[in-house]
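Please look at the sequence and the three-dimensional view below before reading on. The briefing that follows goes through the strands, the aromatic rings, the loops, the surface and the charged side chains in turn.

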Amino acid sequence: MNPFVLNLFDASHEQRIAGVTSFVGEDASGSFGIQAHHARFMTTLVFGLARFRLATEDWRYLALPGAVAYFNNNELAISTRHFLIDTDLERISTLLGQQLLAEEENLHATRESLHKMEQAMLKRMLMLKRKTGWQS
């Protein structure tokens with residue numbers, strides 16, 4: 001099989017993997033595969049696992065919290081906030097589950113913070129309205 005290059009980019013590092021013979025990912029329309037010399041292609045990957053294979057090796061799994069994938073000139077570029085690579089499906093699935101839980105907790109904390117800021121701003125506007133006789 002002819003190989004292609006997989007370039008992975010996240011917020012803190014990048015990784016270039018040469019010799020990739022196959023990539024399988026999932027977007028909103030379902031699973032898809034890419035091999036060398038595929039036509040130019042762009043999509044957004046969903047939160048979950050993708051996988052890729054080097055010529056003589058087993059599948060490697062790629063955990064992603066969503067990503068943009070772009071294939072052109074025999075190179076697949078994947079841009080995401082964070083990625084994990086492992087050959088053990090069970091181990092990376094556990095890590096992905098932990099990552100999902102952490103992101104959900106962060107999202108909840110952010111929403112709570114926004115709600116508190118909104119409440120404080122409304123209180124401040126009411127105080128200003130009372131002091132200045134401001135009318136809407």
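## Strands and their partners

Strand β2 (residues 14–27) and strand β4 (residues 41–54) run antiparallel and are joined by 5 bridges. The model described here is a predicted one, and local features are given where pLDDT is at least 70.

- Between these two strands, Ser22 is the residue that stands opposite Arg53 in β4.
- Strand β4 also pairs with β5 in the antiparallel sense, and this pairing extends over 12 bridges.

## Aromatic rings

A pair of aromatic rings is described by two quantities, namely the distance of the centres and the angle of the planes. How many aromatic pairs does the structure hold? There are 3 of them, and two are described with their geometry below.

- Phe4 and Phe71 have ring centres 5.4 Å apart and planes at 80 degrees, and because an angle over 60 degrees counts as edge-to-face, that is the name given to this pair.
- This pair links distant parts of the chain, since Phe4 belongs to strand β1 (residues 4–9) while Phe71 belongs to strand β5 (residues 59–72), and the two are 67 residues apart.
- Are Phe4 and Phe71 buried or exposed? Both of these residues are buried.
- Phe23 and Phe32 form a tilted aromatic pair, with 6.4 Å from centre to centre and 45 degrees between the planes.
- Phe23 is buried, and Phe32 is buried as well.
- Ring pairs also bring in Phe41, so that Phe23, Phe32 and Phe41 are linked into a cluster.
- A charged side chain is found over another ring, as Arg51 lies over the face of Trp59 at 4.3 Å from the ring centre.

## Loop residues with positive phi

Most residues other than glycine have a negative phi, and the following two residues can be read with that in mind.

- His37 is a residue other than glycine with a positive phi, near 65 degrees.
- The place of His37 is the loop between β3 (30–34) and β4, and with a relative accessibility of 57% His37 counts as exposed.
- Asn74 is likewise not a glycine, and its phi is positive at about 65 degrees.
- The loop that holds Asn74 is the one between β5 and β6 (75–79).

## A nonpolar patch on the surface

- Met42, Val68 and Tyr70 form a nonpolar patch on the surface, and together these residues have about 280 Å² of accessible area.
- Val68, one of the members of the patch, lies in strand β5.
- The relative accessible area of Val68 is 34%, and Val68 is therefore partly exposed.

## Salt bridges

Side chains of opposite charge can pair when their charged atoms come close. By the rule used here, the count comes to 3 salt bridges, and each is described below.

- Glu75 forms a salt bridge with Arg16, and the closest N and O atoms of this pair are 3.4 Å apart.
- Because Glu75 lies in strand β6 and Arg16 lies in strand β2, the pair ties together parts of the chain that are 59 residues apart in sequence.
- Glu75 counts as partly exposed at 29% relative accessibility, whereas Arg16 counts as exposed at 54%.
- Arg60 and Glu57 meet through their side chains in a salt bridge, with 2.7 Å from N to O.
- Arg60 counts as partly exposed at 22% relative accessibility, and Glu57 is also partly exposed, with a relative accessible area of 36%.
- Asp86 and Arg91 meet through their side chains in a salt bridge as well, with 2.6 Å from N to O.
- Which word, buried or exposed, describes Asp86? Asp86 is buried, because its relative accessible area is 13% and buried means under 20%.
- Arg91, the partner of Asp86 in this salt bridge, counts as partly exposed at 44% relative accessibility.

Definitions and conventions: Residues numbered from 1 in each chain as written. Heavy atoms only, no water. Phe/Tyr/Trp six-rings, centres within 6.5 Å; stacked < 30°, edge-to-face > 60°. Helix = DSSP H or I, 4+ residues; strand = E, 2+ residues; numbered from the N terminus. Buried < 20%, exposed > 50% of the residue type's maximum accessible area, 1.4 Å probe, protein only. Lys NZ or Arg CZ within 6 Å of the ring centre and 35° of its normal. Pairing = 2+ DSSP bridges. Patch = residues over 30% accessible without salt bridge, like charges linked within 9 Å, V, L, I, M, F, W, Y side chains within 5 Å. Areas by Shrake-Rupley, 256 points an atom, 1.4 Å probe, with all protein chains shown as cover. Salt bridge = Lys/Arg side-chain N within 4 Å of Asp/Glu carboxyl O.
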